[in-house]
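Biologist: I would like to learn how to read a model of this kind. Please take me through the ligand site and then the strands.

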Amino acid sequence: MTINSSNRNAIEVEHLTVSYHSRPALLDVSITIERDQLVGVIGPNGAGKSTFIKAILGFIHPDIGTVRINGQDAQKAKGQVAYVPQRGAVDWDFPITVEEVALMGRYQKIPWYRNPRKADREAAREALEMVRMADYADRQIGQLSGGQQQRVFMARALAQGNDILLLDEPFAGVDAATERAILEVLERAKAAGKTLVVVHHDLATAAEYFDKLILIKQRLFAYGPPSAVLQEDLLSEVYEGRLRVFTDVLKKESA
Ligand SMILES: Nc1ncnc2c1ncn2[C@@H]1O[C@H](COP(=O)(O)OP(=O)(O)OP(=O)(O)O)[C@@H](O)[C@H]1O
Ligand SMILES: [Mg+2]
């Protein structure tokens with residue numbers, strides 16, 4: 001893949017409109033995400049955050065608008081973006097080991113007529129080391145805790161070797177220690193030159209974790225540094241009745 005070195009943009013979204021059964025989930029969203037950033041996507045339930053991620057992946061055809069990945073049309077660039085789905089979307093009873101899950105990240109790059117090579121196994125192993133799950137390589141995925149499963153799925157995405165990673169709520173349902181561990185992986189991936197777009201639910205940690213935030217509810221309400229996005233008027237418009245909790249967060253942050 002050749003990337004125009006003057007093109008600093010990892011993801012370019014223009015006038016993106018996506019509907020399910022003619023009900024719009026995203027309306028006229030335009031946004032440019034530069035390389036080497038750790039970007040959080042926030043917004044209430046049903047705001048269209050997962051839809052936004054899936055449209056960037058090229059999984060969903062927009063009604064209107066375009067998505068470009070490294071300057072290329074998203075449909076053509078499908079293999080260039082790694083994805084960690086929202087947890088409910090995965091069948092954890094599937095009989096497969098941790099190592100095999102990580103190796104699945106390589107399958108896009110392995111032609112159908114050959115088995116994984118040593119280099120593929122090494123990439124999978126390295127990714128498991130990055131998320132500190134290499135010691136569990138032979139375990140069945142269903143026998144891990146939720147936080148460990150989440151890290152294995154991050155390893156699968158990292159093993160792909162792509163520069164852009166999209167993660168849909170990687171922190172959902174994990175304890176504080178696992179949350180730290182996952183954040184560390186995100187930061188290491190960023191230091192290694194990756195661009196990460198992460199759906200995140202917790203406004204209390206959003207400013208600490210991310211370089212930039214995308215605030216979305218059907219439309220794009222704000223995009224920029226956390227201090228610019230976590231504004232009371234914006235949050236009250238987007239989160240409506242649930243604002244009180246968040247004004248407490250803002251007070252705590254400015255204290
Ligand atoms: N496959 C689908 N078919 C029909 N409607 C859908 C589908 N997926 C999502 N929707 C609807 O589109 C809207 C946006 O959903 P989406 O999953 O993108 O929201 P979200 O911000 O990720 O929510 P959550 O925080 O609950 O994960 C919702 O109203 C949802 O019901
Ligand atoms: Mg979602």
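The dialogue below covers the ligand site and then the strand pairing.

Modeller: This is a predicted model, in which local features need pLDDT of at least 70 and side-chain atom pairs count only at pLDDT 80 or more, while totals for chains, interfaces and linings use all residues. Residues are numbered from 1 along each chain as its sequence is written, chains are lettered from A and ligands numbered from 1 in the order in which they are written, and side-chain values use heavy atoms, with hydrogens and water left out.

Biologist: Which residues come nearest to ligand 1?

Modeller: A residue is near a molecule if one of its heavy atoms lies within 4 Å of it. Around ligand 1 there are 14 such residues, and Gly46, Gly48, Lys49, Ser50 and Thr51 come nearest. The shell divides into 4 nonpolar, 8 polar and 2 charged residues. Here Ala, Val, Leu, Ile, Met, Phe, Trp, Tyr, Cys and Pro count as nonpolar, Asp, Glu, Lys and Arg as charged, and the others, Gly among them, as polar.

Biologist: Which element gives the largest share of the shell around ligand 1?

Modeller: Helices (H or I, at least four residues) and strands (E, at least two) are DSSP runs, numbered from the N terminus. Helix α1, residues 49–57, gives the largest share, with 3 residues.

Biologist: How do I read the polar contacts of ligand 1, and what distances do they have?

Modeller: A polar contact is a pair of N or O atoms within 3.5 Å; within protein, one must be able to donate a hydrogen and the other to accept it, and residues adjacent in sequence count only if both atoms are side-chain atoms. For oxygen atoms of ligand 1, the distance to a polar side-chain atom is 2.7 Å at lysine 49 and 2.9 Å at serine 50. At threonine 51, a side-chain N or O atom is 2.5 Å from an oxygen atom of the ligand. Ligand 1 taken alone exposes 640 Å², of which the protein buries 60% (Shrake-Rupley method, 1.4 Å probe).

Biologist: Now the strands: how many bridges join β1 to β2?

Modeller: Two strands pair if DSSP finds at least two bridges between them. Strands β1 (residues 9–20) and β2 (residues 23–34) run antiparallel, joined by 8 bridges. Asparagine 9 stands opposite glutamate 34 in β2. The two strands form a hairpin with 2 residues between them, and histidine 21 in the turn has a positive phi of about 50°.

Biologist: In what order do the strands of the open sheet lie?

Modeller: The order of its 4 strands is β2-β1-β4-β5, with antiparallel pairing. β2 and β5 (72–73) are the edge strands, each pairing on one side only. Between β1 and β4 (residues 64–69) there are 5 bridges, and glutamate 14 stands opposite threonine 66 in β4.

Biologist: Which strand runs parallel to β3?

Modeller: Strand β9 (residues 212–217) does, with 4 bridges to β3 (residues 38–42). Valine 39 has lysine 212 as its bridge partner in β9.
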